[in-house]
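My notes follow the view below.

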Amino acid sequence: LSGGAPSGDALSGISTYPVMLRIGAALGFFAVATSYWMLATNFKHVIQFDFKLSNYTSTVIALGVPVALYLLVQASFFEIMDFVGSTALSAEVVVLFTLILAIRNKDSEARARIPLWGLIACAVVFVGGFMAHFLFA
């Protein structure tokens, strides 16, 4: 659609097609919104069930943290999204890694199904990506 005009943001190259531009912008918005919705829901449940707070309080905290970051930190919205996304994803991978290791240690059948080298490779990739984000950003 964009012909010989590739672009860095993937949508400015199709600016001559307003309908496609709107569809692409909507798809991009929903892709980001649903991933952050999932993170906020998981964060809310952690607060609600682990800290024994009410549903209302945990919802306010889960929704208030991103808003507070946006209002208090002198950075652009995209920089905050980048930081929160990389931090949350890396933290989630570390938690999943430790949970899977605990399952492997208790269940010999799981030890056969879940190779240790695969877990280590995933942990290295995600933790390495998290560290690279702060070293090179």
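**Notebook: helix packing**

I began with the crossing of α3 and α5, which is left-handed (the near helix is turned anticlockwise from the far one by less than a right angle, whereas clockwise would be right-handed). I note that the model is predicted, with local features needing pLDDT of at least 70, side-chain atom pairs counting only at pLDDT 80 or more, and totals for chains, interfaces and linings using all residues. Residues are numbered from 1 along each chain as its sequence is written, and side-chain values use heavy atoms, with hydrogens and water left out.

I looked up the geometry of this pair: helix α3 (residues 77–106) and helix α5 (residues 116–136) pack at an angle of about 160°, with their axes 10 Å apart. Helices here are DSSP runs (H or I, at least four residues), numbered from the N terminus, and axes are lines fitted to C-alpha atoms over the stretch in contact, with angles from 0 to 180 degrees between N-to-C directions. The angle makes α3 roughly antiparallel to α5 (under 35 degrees counts as roughly parallel, over 145 as roughly antiparallel, 65 to 115 as roughly perpendicular and the rest as oblique).

Next I listed the contact (heavy atoms within 4.5 Å), where α3 contributes residues including Phe83, Leu89 and Phe97, and α5 contributes residues including Leu119, Phe126 and Phe130. The residues of this contact divide into 16 nonpolar, four polar and two charged; Ala, Val, Leu, Ile, Met, Phe, Trp, Tyr, Cys and Pro count as nonpolar, Asp, Glu, Lys and Arg as charged, and the others, Gly among them, as polar.

I then turned to helix α1 (residues 18–50) and α2, whose axes come within 8 Å and cross at roughly 135°, and I recorded the two as therefore oblique to each other. In this right-handed crossing of α1 past α2, the contact residues include Phe43 and Ile47 of α1 and Ile61 and Val65 of α2.

What did I find for α1 and α3? They pack at an angle of about 50°, with their axes 12 Å apart, which makes α1 oblique to α3. In α1, Val32, Tyr36, Leu39 and Asn42 meet Met81, Val84, Gly85, Ala88 and Glu92 in α3, and these residues divide into six nonpolar, two polar and one charged.

Last, I checked α2 itself and noted a kink of about 30° at Gly64, shortly before the proline Pro66 (the bend is the angle between axes fitted to the seven residues ending there and the seven starting there).
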